[in-house]
Amino acid sequence: MERGTILRWTKSEGEQLSEGDLLAEIETDKATMGFETPEEGYLAKIIVPAGTKDVQIGQVTTTRCCFSLTLLFDHS
């Protein structure tokens, strides 16, 4: 598999992510599969919108903010 289509994002920008959460559904020429979040954090930005075809494997599709960075700016 070298390319795929992002069918849908299951999380929204700003939403908290836990390790193993389903983040997106991706369709390839052979199957439809889920993409799980590898680490916890927050979904900062979706760069490639749902419905985008021929997304190269390894292409940046989202940005994530880790809990450690979030806590760094907690001034309470």
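Mentor: The side chains of Lys11 and Asp21 are joined by a polar contact of 3.4 Å. A polar contact is a pair of N or O atoms within 3.5 Å; within protein, one must be able to donate a hydrogen and the other to accept it, and residues adjacent in sequence count only if both atoms are side-chain atoms. This is a predicted model, where local features need pLDDT of at least 70, side-chain atom pairs count only at pLDDT 80 or more, and totals for chains, interfaces and linings use all residues. Residues are numbered from 1 along each chain as its sequence is written, and side-chain values use heavy atoms, with hydrogens and water left out.

Trainee: Where is Lys11 found?

Mentor: Lys11 is in the loop between β1 and β2 (16-17). Strands (E, at least two residues) and helices (H or I, at least four) are DSSP runs, numbered from the N terminus.

Trainee: Is Lys11 buried or exposed?

Mentor: Lys11 is buried, at a relative accessible area of 16%. Buried means under 20% relative accessible area, exposed over 50%, and partly exposed in between (1.4 Å probe, protein chains only).

Trainee: What is Lys11 in contact with?

Mentor: Leaving aside neighbours within four places in sequence, Lys11 is in contact with residues including Leu17, Leu23, Leu43 and Ile46. Contact means heavy atoms within 4.5 Å.

Trainee: Which residues make up the largest nonpolar core?

Mentor: That core has 9 residues: Ile6, Trp9, Leu17, Leu23, Ala24, Leu43, Ile46, Val48 and Val55. A nonpolar core is a set of buried Ala, Val, Leu, Ile, Met, Phe, Trp, Tyr and Cys residues joined through side-chain atoms within 4.5 Å.

Trainee: Switching to the sheet, in what order do the strands run?

Mentor: The order is β4-β3-β1-β6, in an open sheet of 4 strands with antiparallel pairing. Two strands pair if DSSP finds at least two bridges between them.

Trainee: Why is one side of β4 left without a neighbour in the sheet?

Mentor: β4 (32-36) and β6 (55-56) stand at the edges with a single partner strand each, so one side of each has no neighbour in the sheet. β4 pairs with β3 over 5 bridges.

Trainee: What stands opposite Ala24?

Mentor: Phe35 in β4 does. Among the other contacts of Ala24 beyond four places in sequence are Arg8 and Met33.

Trainee: And where is Glu40?

Mentor: Glu40 is in the loop between β4 and β5, and is partly exposed at 45% relative accessible area. Glu40 lies 19 residues from Asp21 in sequence and 8.8 Å from Asp21 in space, C-alpha to C-alpha.
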